Amino acid sequence: MSKSCKGLAMELVKCLSESDCIKLENRSFRECAGEKSPSIPSECVGLRETYFNCKRGQVDMRARIRGNKGY
């Protein structure tokens with residue numbers, strides 16, 4: 001995992017571990033992160049989108065030269 005997205009990944013894991021999807025429904029992180037469930041808070045959905053954009057920026061050659069924006 002790249003260092004530029006590591007902070008986002010850790011925040012996403014923390015947010016998902018505190019959500020009802022993990023606590024009450026006893027589902028895995030992969031299941032909860034992969035779908036849009038009402039038991040996932042909007043903060044986690046925003047973190048998931050930001051993490052996706054960060055990982056996509058690592059593949060994009062233009063972004064690799066300039067670096068990822070933000071985090």
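Helices (H or I, at least four residues) and strands (E, at least two) are taken here as DSSP runs, numbered from the N terminus. The structure is a predicted model, in which local features need pLDDT of at least 70 and side-chain atom pairs count only at pLDDT 80 or more, while totals for chains, interfaces and linings use all residues. Residues are numbered from 1 along each chain as its sequence is written, and side-chain values use heavy atoms, with hydrogens and water left out.

Residues are called buried under 20% relative accessible area, exposed over 50% and partly exposed in between (1.4 Å probe, protein chains only). In α1 the buried residues are Cys-5, Leu-8, Ala-9, Leu-12, Cys-15 and Leu-16. Viewed down the helix axis, these buried residues fall within an arc of 130°, so they line one face of α1; the arc is that of the directions from the helix axis to the C-beta atoms. An α-helix has 3.6 residues a turn, so residues three or four places apart point the same way. On the face of α1 turned away from the buried side are the exposed residues Lys-3, Met-10 and Lys-14.

The buried residues of α1 pack against α2 (20–23), α3 (29–34) and α4 (42–59), where contact means heavy atoms within 4.5 Å. Leu-16 illustrates this packing: leaving aside neighbours within four places in sequence, Leu-16 is in contact with Ile-22, Phe-29, Cys-32, Ala-33, Ile-40 and Cys-44. Helix α4, with 18 residues, reaches 26 Å from its first C-alpha to its last, close to the 26 Å expected at 1.5 Å a residue. The buried residues of α4 are Cys-44, Leu-47, Arg-48, Cys-54, Gly-57 and Gln-58.

The link of Cys-5 and Cys-54 is left-handed, with -95° about the S-S bond. Cys-5 counts as buried because its relative accessibility is 0%, and Cys-54 counts as buried at 8%.

Cys-15 and Cys-44 form another disulfide, with their sulfur atoms 1.9 Å apart. Here too the pair links distant parts of the chain, Cys-15 in helix α1 and Cys-44 in helix α4, 29 residues apart. The link of Cys-15 and Cys-44 is left-handed, with -100° about the S-S bond, and both cysteines are buried.

A further disulfide joins Cys-21 to Cys-32, S to S 2.0 Å. Cys-21 lies in helix α2 and Cys-32 in helix α3, so this pair ties together parts that are 11 residues apart in sequence. The torsion about the S-S bond of Cys-21 and Cys-32 is about -90°, so the disulfide is left-handed. When the bonded cysteines of the chain are numbered in sequence order, the pairing is 1-6, 2-5, 3-4.

A nonpolar core is a set of buried Ala, Val, Leu, Ile, Met, Phe, Trp, Tyr and Cys residues joined through side-chain atoms within 4.5 Å. The largest such core has 12 residues in all: Cys-5, Leu-8, Leu-12, Cys-15, Leu-16, Cys-21, Ile-22, Cys-32, Ile-40, Cys-44, Leu-47 and Cys-54. The elements that give two or more residues to this core are α1, α2 and α4, and its largest share, 5 residues, comes from α1.

Two loop positions complete the tour. Ser-19 is found in the loop between α1 and α2 and counts as buried because its relative accessibility is 2%. The side chain of Ser-19 reaches the backbone oxygen of Leu-16 at 2.7 Å. Not counting residues up to four places away in sequence, Ser-19 touches Ser-39 and Pro-41. Asn-26, in the loop between α2 and α3, counts as exposed at 65% relative accessibility. Phi of Asn-26 is near 55°, a positive value in a residue other than glycine.

Note on methods
A disulfide is a pair of cysteine sulfur atoms within 2.5 Å. A polar contact is a pair of N or O atoms within 3.5 Å; within protein, one must be able to donate a hydrogen and the other to accept it, and residues adjacent in sequence count only if both atoms are side-chain atoms. The expected span of a helix is 1.5 Å times one less than its number of residues.
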